[in-house]
Amino acid sequence: MGNYDVALKHFIVALEEYTVALNSKGIGMANNNIGQIYYFQNNFKKAISYFEKYADFAHQSGNAIALAGAQNNIGGAYAEMGNLPQSLYYYQYARHLYDSLGIRFGVAILDDNIGSILYKIGDYNLAMAKHFSSYQFFKQRGMKERLVYSGNNLGLDYLGVGRYKQAEASMNEALSVAKEIGQADAQAVIYESLSLLYEKTKN
C-alpha cells in the first residue's frame, strides 16, 4: 500500500501543476492515473469519479480511443462493486467505440469483459458467445496472456449450461498455456474453476 500512497501523492501534485498551467492533456492523464491508484486500492467510488473526469477530457478533446479506455475503466470499477447493470452499460459503450474505430483488440477485450458480466447475471449462452469471440481472436493472434483468461471464462460458461466435457477441455487448455508461459495468477484462477467443475460433477 505504501508504494500506491507515494504514487498517489505524486499524481495529485502533478494534477495541481497541470491545472495551474491549464494543460488539459496533463489534467486528463493525471485524473486517469489517480483513478487507477484508487482502483488498485479497492476504493472504487473514488476511482470512478476520476475516471469520469478523464472521460470528460477525452470527450472534449475528441479522443475516442481515450474515451473508450475510460469507459472500460469505469465498467471495471462498477463490476468490482457488484453493480452489474452499470458495468455492462459502460463495457458496451467502450466496445461500441472500439468497434467504430476498427480496433479489434479493444473489441476482444470488451467481449471478454462483457461475457464475464453476462455470466454473473446467469445468461450463460450469451456469455459463451462473447467469450468464444474473444478466445478466437486471442488464439489466432497468439496472445497467450489473454487467451488463458478467455479460455477459462469459456469453460465456466460451458459449466453453466451443463456441458461438462467442453468445460473441462477449455479449462485444461487454458491451464496448459498458463503453465507454458509461467502465468501463476492465471493458474490459480483456473484451478478454482476446475474445483467448481469437479464439485459439480462428483458422484
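Predicted model: local features only at pLDDT ≥ 70, side-chain atom pairs only at ≥ 80, totals over all residues.
**Group meeting: a walk through an all-helix model**

Hi everyone, let me start with helix 8. At 1.5 Å a residue, its 17 residues should span 24 Å, and the C-alpha atoms at its ends are 24 Å apart, so expectation and model agree.

Staying with helix 8, is it enclosed or open to the outside? Twelve of its 17 residues are buried, so helix 8 is largely enclosed by the rest of the structure. Among those buried residues are Leu 147, Val 148, Gly 151, Leu 154 and Leu 156, and the list also includes Asn 152, Asn 153 and Asp 157.

In sequence, His 131 and Leu 156 are 25 residues apart, while their C-alpha atoms are 9.9 Å apart in space. His 131 belongs to helix 7. With a relative accessibility of 1%, His 131 falls under the 20% cut-off, so it counts as buried.

Now let's zoom out. The C-alpha atoms fill a box of roughly 65 × 40 × 30 Å along the principal axes. Of the 203 residues, 43% count as buried.

The largest pocket has a volume of about 940 Å³. It is lined by 29 residues, and the ones nearest its centre are Tyr 39, Glu 80, Tyr 91, Asn 113 and Ser 116. Which helix gives the largest share of that lining? That would be helix 6, with seven residues. Helices 2, 4, 7, 8 and 10 are also among those that each supply at least two lining residues, so our opening helix turns up here again.

On to the aromatics. The structure holds ten aromatic pairs, and I'll show you two of them. In general, a pair of aromatic rings is described by the distance of the centres and the angle of the planes.

Take Tyr 4 and Phe 40: their ring centres are 5.8 Å apart and their planes are at 15 degrees, so this pair is stacked. Tyr 4 lies in helix 1 and Phe 40 in helix 2, so the pair ties together parts that are 36 residues apart in sequence. Tyr 4 is partly exposed, at 31% relative accessible area, and Phe 40 is partly exposed too, at 45%.

The second pair is Tyr 78 and Tyr 90. Here the centres are 5.7 Å apart with the planes at 15 degrees, so this pair is also stacked. It links distant parts of the chain, with Tyr 78 in helix 4 and Tyr 90 in helix 5, twelve residues apart. Are these two tyrosines buried or exposed? Tyr 78 has a relative accessibility of 14%, so it counts as buried, and Tyr 90, at 15%, counts as buried as well.

Back to Tyr 4 and Phe 40 for a moment: together with Tyr 39 and Phe 44, they form one aromatic cluster. Tyr 39 is also one of the residues nearest the centre of the largest pocket.

One last contact before I hand over. The charged end of Lys 53 sits over the ring of Tyr 50, 4.5 Å from the ring centre.

Methods:
Residues numbered from 1 in each chain as written. Heavy atoms only, no water. 1 Å grid on protein atoms, 1.4 Å probe; cavity = no way out; pocket = protein on both sides within 12 Å on 5 of 7 lines; lining within 4 Å. Points joined across faces, edges and corners; volume = space filled by probe spheres on them. Helix = DSSP H or I, 4+ residues; strand = E, 2+ residues; numbered from the N terminus. Phe/Tyr/Trp six-rings, centres within 6.5 Å; stacked < 30°, edge-to-face > 60°. Buried < 20%, exposed > 50% of the residue type's maximum accessible area, 1.4 Å probe, protein only. Lys NZ or Arg CZ within 6 Å of the ring centre and 35° of its normal. Expected span 1.5 Å × (residues − 1).
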